[in-house]
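Biologist: Please take a close look at the sheet in one of the chains. Walk me through how it is built and what surrounds it.

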There are 2 protein chains.
Amino acid sequence: MNVMQSRSEDEVAVRDVVESWMAAVRSRDYEGILRNHSSGIVMFDVPPPFQVKGIDAYKKTWDLFFSCAKDPVHFDPTEMHITAGKDVAFVVATMHCDGDGGPGGLDFRLTVGLRKIDGQWTITHEHHSIPALD
Amino acid sequence: MNVMQSRSEDEVAVRDVVESWMAAVRSRDYEGILRNHSSGIVMFDVPPPFQVKGIDAYKKTWDLFFSCAKDPVHFDPTEMHITAGKDVAFVVATMHCDGDGGPGGLDFRLTVGLRKIDGQWTITHEHHSIPALD
């Protein structure tokens, strides 16, 4: 197999997983949100707590998000870069969502870590944040 | 080459790069901090700005950090997990540093993205954050 071709295919596959997850958020679709996530995911979210471990705790973070979000839900990349190897990848993005009330919404930073498990790219880590206040 | 052995060697090499970088921070050693960083690094830092691009802007973030840090400088992992493939890796850590004045210091979250370039693990992305205030 051609290595460059394989790498490119992995980049396409990683992009598809991450964009499908973002689309599921916009649709309030929990099943879609969780489809390619590891049971042992570690998440650093915008609001507290400091750290979220495991898929059940991860799922609950979306309850809070959706309780604040207006329809149509915004969860959109403004810039996205994918670094994909053959079995490990990470995605660096800047994002825009409705946030928790400000009329202009919320810009936040996002890093996603993935591992290819049994041939399927799987999200094992998410880090969402905004800069700290001065 | 045995794949598991190779993967383990890459994990060791990634850990060495990240721990050497942390040690250089504790030593206020700019050369050590920058040794294994990409010129095109994208950083999401704890304080503003929203995004830092390129090695010159990245270097300046340490001026601010060191202007606030007391000696001995703390920049210590409290938990660290490495996901390393053959040419892409990411590191997820919780960290403790002096922060900007609080007597108890600052706990923050850290994700580091790396790519193996010309045989050398190179940091291309850092995401440092604390949870947003309520």
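Modeller: Two strands count as paired if DSSP finds at least two bridges between them. On that basis, and in a model that is predicted, chain B has an open sheet of 6 strands. Their order is S2-S1-S6-S5-S4-S3, and the pairing is mixed. Two strands of chain B sit at the edges: S2 (52–53) and S3 (75–84). Each of them pairs on one side only.

S3(B) pairs with S4(B), residues 88–97, in the antiparallel sense. The pairing runs over 9 bridges. One residue pair can be picked out here: B:Met80 has B:Ala93, in S4(B), as its bridge partner.

Now go to the other end of the order. Helix H3 of chain B, residues 55–68, lies across S1 (37–44) and S2 of chain B. H3(B) runs at about 60° to S1(B).

The sheet also matters for the contact with chain A. Strands S1, S3, S4, S5 (106–117) and S6 (120–129) of chain B each give two or more residues to the side that touches chain A. Chain B puts 31 residues into this contact, and chain A puts in 31 residues. By class, the side of chain B that touches chain A has 16 nonpolar, 10 polar and 5 charged residues.

Last, the arrangement of the two chains. Of the interface residues of chain B, 100% are also interface residues in chain A, so the copies meet through the same surface. Chain B superposes on chain A by a rotation of 180°, with 0.0 Å of shift along the axis and an RMSD of 0.0 Å. The two copies are therefore related as by a two-fold rotation axis.

Conventions: Residues are numbered from 1 along each chain as its sequence is written. Chains are lettered from A and ligands numbered from 1 in the order in which they are written. This is a predicted model: local features need pLDDT of at least 70, side-chain atom pairs count only at pLDDT 80 or more; totals for chains, interfaces and linings use all residues. Copies are superposed by least squares on the C-alpha atoms of residues with pLDDT of at least 70 in both. Two residues are in contact if their C-beta atoms, placed from the backbone, lie within 7 Å. Helices (H or I, at least four residues) and strands (E, at least two) are DSSP runs, numbered from the N terminus. Axes are lines fitted to C-alpha atoms, for helices over the stretch in contact, and angles run from 0 to 180 degrees between N-to-C directions. Ala, Val, Leu, Ile, Met, Phe, Trp, Tyr, Cys and Pro count as nonpolar, Asp, Glu, Lys and Arg as charged, and the others, Gly among them, as polar.
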